[in-house]
Amino acid sequence: MSKVKYYYDSDTLSYKKIERRKRNTFKYASIFILGSALFGFLFVFLASQFIQSPKERALARELQHMELQYQLLNKKMDEAQAVLANVEQRDNSIYRLYFAANPIPEEQRKAGFGGINRYKALEGFDNSKIIIEANRRMDILQKQIVVQSKSLDEIAVLAEDKEKFLSSIPAIQPINIEDMTRMASGYGYRTDPFTKVRKFHYGMDFTAPQGTPIYASGDGVVTRADNSSTGYGNHIRIDHGYGYVTLYAHLYKYNVRANQKVKRGDLIGFVGSTGRSEAPHLHYEVFKDDERINPINFYYGNLSAEEYSKLLEHASLENQSLD
């Protein structure tokens with residue numbers, strides 16, 4: 001049974017029963033519901049500002065993890081760029097300098113990153129700045145690696161050509177120094193053994209017993225191994241490339257044939273006294289671009305400093321040649 005409520009009426013000095021109207025009930029109920037809803041909304045709003053939901057906490061952890069990964073990526077890129085910068089510095093100041101190649105300018109290594117905005121598609125996101133910066137640094141690093149890779153390919157070709165050049169030029173004495181009797185005559189004016197007239201001697205004469213081995217002074221191809229050249233008798237010519245040709249004259253016999261490839265130190269023939277020769281010896285000449293030059297400058301490959309000094313001293317004497 002519902003409770004009955006009364007109120008005191010001062011006019012009649014008596015208690016009267018309170019009559020509840022349905023309209024008032026609806027009014028009060030509406031106010032209560034509206035107030036509750038407003039309070040609930042306010043509570044949810046404040047809670048959303050200060051209290052994270054499980055989903056928000058998961059997203060926050062994911063964002064924190066991504067920022068940590070970005071920091072690690074940045075550190076790795078810093079290390080990679082430091083290593084690459086060291087390689088670039090050595091490439092320009094050592095490798096390319098040694099092989100007489102022009103250094104690659106910094107503008108060329110980082111070319112192609114000005115002008116248009118290549119990262120426009122990455123704009124408008126919450127972390128666009130981080131994403132764009134990471135992509136920009138990776139693109140620059142990739143470009144530098146490509147340029148450096150091509151440079152090292154070029155250096156490898158230059159090194160291979162340099163190695164071939166160093167092995168081709170005539171760099172050793174064609175007769176072992178222990179097999180020589182003496183260095184009879186050098187490059188320059190000498191007395192002709194037959195006419196006794198002072199004339200220019202274009203090679204070096206090494207005296208040695210007949211049959212003493214003669215070696216190729218550099219890599220090359222035998223162009224001649226015959227006795228068809230006046231005065232030289234049995235002789236060999238080797239084309240070393242790069243404008244260098246060597247001639248070995250007055251041989252007793254050959255150990256090579258025309259068009260045969262030889263390496264430095266290969267046995268190519270034996271000392272003799274054929275052609276215009278006074279005694280067994282090797283007459284040795286070096287040509288550069290079809291001009292005969294002094295062979296004394298090409299013995300750094302198998303002589304000590306003391307041996308070379310003695311050879312230089314004997315070669316400078318103006319004596320009588322053997323051919």
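Reply: Gladly, and please keep in mind throughout that this is a predicted model. To read a pair of strands, look for the residues that bridge from one to the other; here Y254 has G269 in β13 as its bridge partner. That bridge belongs to the pairing of β11 and β13, which is antiparallel and runs over 3 bridges.

Me: In what order do the strands of that open sheet lie?

Reply: An open sheet is read from one side to the other, and this one, made of 3 strands, has the order β7-β13-β11 with antiparallel pairing. Its edge strands, β7 (213-215) and β11 (251-254), each pair on one side only. Neighbouring strands of the sheet are turned against each other by 35 degrees on average, direction ignored.

Me: How many residues of strand β14 are buried?

Reply: A residue is called buried when its relative accessible area is under 20%. In strand β14 (residues 281-288), 7 of the 8 residues are buried, so this strand is largely enclosed by the rest of the structure.

Me: Which strands pair with β14?

Reply: Partners are read from the bridges again. Strand β6 (residues 204-207) pairs with β14 in the antiparallel sense over 4 bridges, with T207 standing opposite H281. Strand β10 (residues 244-249) is also antiparallel to β14, over 6 bridges, and there A249 faces H283. A further antiparallel pairing, over 3 bridges, joins β14 to strand β15 (residues 291-293), where K288 stands opposite E291. Between β14 and β15 lie 2 residues, which makes a hairpin, and D289 in its turn has a positive phi of about 55 degrees.

Me: Where is L63, and what is its distance in space from N127?

Reply: Distance in sequence and distance in space are read separately. L63 lies in helix α2 (residues 54-98), and although L63 and N127 are 64 residues apart in sequence, they are 9.5 Å apart in space, C-alpha to C-alpha. L63 is partly exposed, its relative accessible area being 35%.

Key:
Residues are numbered from 1 along each chain as its sequence is written. This is a predicted model: local features need pLDDT of at least 70, side-chain atom pairs count only at pLDDT 80 or more; totals for chains, interfaces and linings use all residues. Side-chain values use heavy atoms; hydrogens and water are left out. Buried means under 20% relative accessible area, exposed over 50%, partly exposed in between (1.4 Å probe, protein chains only). Two strands pair if DSSP finds at least two bridges between them. Axes are lines fitted to C-alpha atoms, for helices over the stretch in contact, and angles run from 0 to 180 degrees between N-to-C directions.
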